[in-house]
Every structure is written in C-alpha cells, then in structure tokens.
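I opened the notebook to look up how this chain is packed, beginning with the whole and ending with single residues.

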Amino acid sequence: MRVLVVYCHPVPDSFCAAVRDAAVGTLTARGWDVRLVDLYAEGFDPVLGSDERRHYHDRAPTDPALAPHIENLKWAEAVLFVYPTWWYGLPAMLKGWLDRVWATDVAFKLPADGGRIISLVPHITRIGVVTTCGATWLISFLMGQPGRKTILRGMRALCAPRSRTLYVAHYDMDRSTAASRAAYLEKVRRRLEKF
C-alpha cells in the first residue's frame, strides 16, 4: 500500500510531531510505502492567488511548486492527515494545501456541460485523520467537527466509492497529561495497524 502522510504543525518538537512519528513508524512497520509531506518544514504556500483562482475551473494548477504534491496525490493509494484541530477545523496551511492540490484536472474534472463532477482519484482507497483537539469530545461534536467533515466527507467523496476511513482524535488536549498522551499514541498505533 502506498500512503501519503500529510503533516501540518509549525512547531518541530510538538506533541503532533510525536503523533506523526508514531503514525509513520506504524505504517512503515506494516510494510507500506510511506511518503511524508511536512507542509511547514517545506514552507508550502497555502495562498490560492488571483490568477490561480481565475483558472481554477479551466485547468490544473501550473505553479511548479505544486508539481511534487500533485504527483504524490496521483501516486497514493491512501492519504493520512496528521494535524492539530484549531477552532474546530483544519489549520489554514492544510486548508490551503487542499485548495491548491485537490484541484481541477488533479483530483476531479468538471464536465463542460455542467454535469456531475468526475473523480480523478478513485485509486485512493483509504483516507484518514489523526488529530488533537483542545476542546472536549462533546464541545467538538456540538460545533459539528468541521475539520473531520471536510476530509472524511468532502475529500472522501472523490476517492474510491467504498474507501475506508479512519478518525482518531485526542480530545481535551488543553488539559492532557503525560498518561493521556502516551495512551493516545498507543491508540494511534493500534488503529493504524488495522487501517
């Protein structure tokens, strides 16, 4: 299995980095071919500029900086997102990556007649999220978990029709303890062994 791990956190020694390492280590131990994209480390530009937006429905992005990201998406059979949930959603950097990479003629095609969107990523059979949330599960649920829905509903709709999903969150991160963080890392490992 070829898995693209998209990691998004600005602090190199954050707990999210430990989560990333646990995820990559588990997938590698399973024998999966892993490609890691660290958006902050590479200085990914999340801004969808005016020219790119004007041509969004006409053609694939032409920015050469996006070429390796587009190639990674075409290569992947699974995509795993590792990020902190901020204000109940995705970090701006990650949202910008989705805006710019999951684009027309990359992840989907818009028919000229206005018909139904056509997926260009049906080779992706698994899509998952491993995240941390400052809020409790209840508050996150009441807010609608927009980050979870963006990826596991919106992005998944473009993947294989029966693509498997995974969502693992450490809720109440603002009051986490060494024990809760260790238990979460173990949970991530267990869940990814079955992903």
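**Ground rules.** I am working from a predicted model, in which local features need pLDDT of at least 70 and side-chain atom pairs count only at pLDDT 80 or more, while totals for chains, interfaces and linings use all residues. Residues are numbered from 1 along each chain as its sequence is written, and side-chain values use heavy atoms, with hydrogens and water left out.

**Overall.** I looked up the secondary structure and found eight helices and seven strands, both taken as DSSP runs numbered from the N terminus (helices H or I, at least four residues; strands E, at least two). Along the principal axes, the C-alpha atoms fill a box of roughly 55 × 35 × 30 Å.

I then turned to burial, where buried means under 20% relative accessible area, exposed over 50%, and partly exposed in between (1.4 Å probe, protein chains only). By that criterion 47% of the 195 residues are buried. The protein exposes about 9,800 Å², of which carbon and sulfur atoms supply 55%, with areas from the Shrake-Rupley method and a 1.4 Å probe. For contacts (heavy atoms within 4.5 Å), I noted that among those between residues at least 6 apart in sequence, 79% join residues at least 24 apart.

Which residues of α5 are buried? I listed Met93, Leu94, Gly96, Trp97, Leu98, Arg100 and Val101, that is, seven of the ten residues in this helix, which spans 92-101. They pack against β1 (2-7), α2 (39-42), α3 (50-54), α4 (67-75), β3 (78-85) and α7 (146-155). In α4 the buried residues are His69, Ile70, Asn72, Leu73 and Trp75, and their packing partners are β1, β2 (33-38), α2, β3 and α5.

**Cores.** I next searched for nonpolar cores, meaning sets of buried Ala, Val, Leu, Ile, Met, Phe, Trp, Tyr and Cys residues joined through side-chain atoms within 4.5 Å. The largest has 39 residues, and those touching the most other members are Leu39, Leu73, Phe81, Leu94, Trp97, Trp102 and Ile151. Two or more residues come from each of β1, α4, β3, α5, β6 (126-133), α7 and β7 (164-170), and α5 gives the most, with five. Apart from this core lies another, of 23 residues, among them Val5, Ala22, Leu80 and Val188. Leaving aside neighbours within four places in sequence, leucine 39 contacts Val6, Tyr7, Cys8, Phe44, His69, Met93, Leu94 and Trp97.

**Rings.** A search of the whole structure gave me five aromatic pairs. Rings of Phe, Tyr and Trp (its six-membered ring) pair if their centres lie within 6.5 Å, and planes under 30 degrees apart count as stacked, over 60 as edge-to-face and the rest as tilted. Phenylalanine 81 and tryptophan 97 have ring centres 6.1 Å apart and planes at 70°, so I recorded the pair as edge-to-face. Tryptophan 137 and phenylalanine 141 instead form a stacked pair, 5.0 Å centre to centre with 15° between the planes. These two lie four residues apart in helix α6 (residues 137-142), about one turn of the helix. Tryptophan 137 is partly exposed at 44% relative accessible area, and phenylalanine 141 is partly exposed at 47%.

I also checked for charges over rings, which requires NZ of Lys or CZ of Arg within 6 Å of the ring centre and within 35 degrees of the ring normal. The charged end of arginine 20 sits over the ring of tyrosine 7, 4.6 Å from its centre, and that of arginine 35 sits over the ring of tryptophan 75, 4.0 Å from its centre.

**Single residues.** Where does tyrosine 56 lie? I placed tyrosine 56 in the loop between α3 and α4, where it counts as buried at 16% relative accessibility. Its C-alpha is 7.2 Å from that of alanine 103, although the two are 47 residues apart in sequence. Threonine 26, in helix α1 (residues 15-29), is buried at 7%.
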